[in-house]
Amino acid sequence: SKQIDVLKTNNKGRFVLQDNNFRWIRKAARNDPSQLKLEDFLIFPAGIVCGAMNRLGVDCTVSADATSAPMCIFTVEIARQLNNSRQQ
């Protein structure tokens, strides 16, 4: 298994995960980029990340960027939730 190359956070619910040689788009990035939309290759792994976070009880959205393929960046935005004690 491979670990992520860079993990950044703004400590306000945004996490940026960077993989400098993402396996799922490595071969596609070598082809003519005008024929492929690399972001289409990232829908499934972004869904896996989002689904895992949701299963852990964390409401979030995940976006992916492959403009510098084969480098890939996933951005995880955690939804803000009100403190339960303030709602009551």
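# Report on a predicted protein model

The protein exposes about 6,800 Å², and carbon and sulfur atoms supply 51% of that area. The model is a predicted one. Of the 88 residues in the protein, 20% are buried.

## Overall layout

Three helices and four strands make up the secondary structure of the protein. Along the sequence these elements follow the pattern β-β-α-α-β-β-α. Among contacts in the protein with a separation of 6 or more, 46% are accounted for by residues 24 or more positions apart.

## Strand pairing

Strand β1 covers residues 6-9 and strand β2 covers residues 14-19; the two run antiparallel and are joined by four bridges. Within this pairing, Leu7 has Leu17 of β2 as its bridge partner. The hairpin formed by β1 and β2 has four residues between the strands, and in this hairpin Asn11 takes a positive phi near 60 degrees.

Strand β2 is also joined to β4, by six bridges, and these two strands run antiparallel as well. Here Phe15 stands opposite Val76 in β4.

## Two buried strand residues

Gln18 is placed in strand β2, and Thr75 is found in strand β4. Each counts as buried because its relative accessibility, 16% for Gln18 and 17% for Thr75, is under the 20% limit. The table lists these values with the contacts of each residue, leaving aside neighbours within four places in sequence.

| Residue | Strand | Relative accessibility | In contact with |
|---|---|---|---|
| Gln18 | β2 | 16% | Ile4, Asp5, Val6, Met71, Cys72, Ile73 |
| Thr75 | β4 | 17% | Arg14, Phe15, Val16, Thr61, Val62, Ser63 |

Phe15, which stands opposite Val76, is among the residues in contact with Thr75. Gln18 can also be placed relative to Asp65: the two are 47 residues apart in sequence, and their C-alpha atoms are 9.6 Å apart in space.

## The nonpolar core

In soluble globular proteins, nonpolar side chains tend to be buried together. In this model, the largest nonpolar core has 13 residues. Those with the most contacts inside this core are Phe22, Ile25, Leu42, Val62, Cys72 and Phe74. At least two core residues come from each of α1 (23-30), α2 (43-55), β3 (60-65) and β4 (72-78). Strand β4 gives the most to the core, with three residues.

Which residues does Phe22 touch, not counting residues up to four places away in sequence? Phe22 touches Leu42, Pro45, Pro70, Cys72 and Phe74. Of these, Leu42, Cys72 and Phe74 are, like Phe22, named among the core residues with the most contacts inside the core. Cys72 is also in contact with Gln18, and Val62 is in contact with Thr75.

## The largest pocket

The largest pocket holds about 360 Å³ of space. Its lining consists of 15 residues, and Lys2, Ile4, Asp19, Phe22 and Trp24 lie nearest the pocket centre. The elements β2, α1 and α2 each supply at least two residues of this lining.

Terms used: Residues numbered from 1 in each chain as written. Predicted model: local features only at pLDDT ≥ 70, side-chain atom pairs only at ≥ 80, totals over all residues. Heavy atoms only, no water. Core = buried A, V, L, I, M, F, W, Y, C linked by side-chain atoms within 4.5 Å. Buried < 20%, exposed > 50% of the residue type's maximum accessible area, 1.4 Å probe, protein only. Contact = heavy atoms within 4.5 Å. Pairing = 2+ DSSP bridges. Areas by Shrake-Rupley, 256 points an atom, 1.4 Å probe, with all protein chains shown as cover. 1 Å grid on protein atoms, 1.4 Å probe; cavity = no way out; pocket = protein on both sides within 12 Å on 5 of 7 lines; lining within 4 Å. Points joined across faces, edges and corners; volume = space filled by probe spheres on them.
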